[in-house]
Amino acid sequence: MTPSRKRIPWHSLSRDTVIAALKTNPTSGLISKQIDERFLKFGKNVIEKQHRSRFVDICLSQLKNPLALILFFAGSATFILGKYLDTIVIFIALTINVFIGAVKKWRARTAFRRLAATQKKFSTVIRDGRKIEISADELVPGDVLVIEMGQTVGADARLIDAKDLLVNESLLSGEWLPISKDANKKIPREAPLAEQKTMV
């Protein structure tokens with residue numbers, strides 16, 4: 001399991017780098033002292049509830065992104081210069097940009113709400129050299145998860161090892177077909193979520 005509070009590109013790091021960074025052991029997992037310290041530091045493994053924004057509010061928030069601002073000022077400049085056709089084209093492009101951005105944000109928020117509602121209550125981990133089942137909200141960064149057929153993944157995780165692993169990520173991506181995962185694949189730092197094959 002990887003800590004989600006830091007913006008670290010876990011998907012692009014090698015297995016050994018991730019293991020070293022999280023100070024864990026891939027075969028015996030964390031020891032009790034580490035677990036207690038990390039639980040105190042990071043708290044429960046739960047998705048924070050977000051305030052439900054109206055779609056209109058999300059559209060208005062999209063006007064703050066750099067591309068929208070550039071289009072707005074360009075449209076205003078062409079209007080002042082009397083180039084009304086250009087103004088109309090630019091503002092149509094601005095409207096489309098804002099609408100698409102808002103739809104993506106709305107879908108992401110909806111997906112996270114669904115994810116929170118359907119999150120599995122238990123996860124299998126290796127701790128103190130033993131394979132045990134714990135409540136998913138007790139997972140801490142560095143926990144070694146054991147994922148088997150039909151299980152829900154209890155937390156974001158970098159794969160250490162995987163064999164013919166297919167994961168249903170429809171709640172996150174909307175893609176209904178299972179995604180093939182590969183612990184050894186080299187993934188670029190800037191890869192979007194759907195292409196992070198080393199992560200679950």
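Guide: The side chains of Lys181 and Glu169 meet in a salt bridge, with N and O 2.6 Å apart; the term stands for a side-chain nitrogen of Lys or Arg within 4 Å of a carboxyl oxygen of Asp or Glu. This pair links distant parts of the chain, since Lys181 belongs to the segment after β5 (179-180) and Glu169 to the loop between β4 and α6 (170-173), 12 residues apart. Helices (H or I, at least four residues) and strands (E, at least two) are DSSP runs, numbered from the N terminus. Both Lys181 and Glu169 are buried, where buried means under 20% relative accessible area, exposed over 50%, and partly exposed in between (1.4 Å probe, protein chains only).

The model is predicted, so local features need pLDDT of at least 70 and side-chain atom pairs count only at pLDDT 80 or more, while totals for chains, interfaces and linings use all residues. Residues are numbered from 1 along each chain as its sequence is written, and side-chain values use heavy atoms, with hydrogens and water left out.

The structure holds four salt bridges, and one of them joins Arg127 to Asp143, whose closest N and O atoms are 2.7 Å apart. Here too distant parts of the chain are linked, with Arg127 in strand β1 and Asp143 in the loop between β2 and β3 (144-145), 16 residues apart. Arg127 and Asp143 are both buried.

Another salt bridge brings together the side chains of Glu148 and Lys131, at 3.2 Å from N to O. Because Glu148 lies in the loop between β3 and β4 (166-167) and Lys131 in strand β2, this pair ties together parts that are 17 residues apart in sequence. Glu148 has a relative accessible area of 44% and is therefore partly exposed, whereas Lys131, at 53% relative accessibility, counts as exposed.

Strand β1 (residues 122-127) and strand β2 (residues 130-135) pair in the antiparallel sense over six bridges; two strands pair if DSSP finds at least two bridges between them. Within this pairing, Lys131 in β2 has Ile126 standing opposite. The two strands form a hairpin with two residues between them, and Asp128 in the turn has a positive phi of about 50 degrees.
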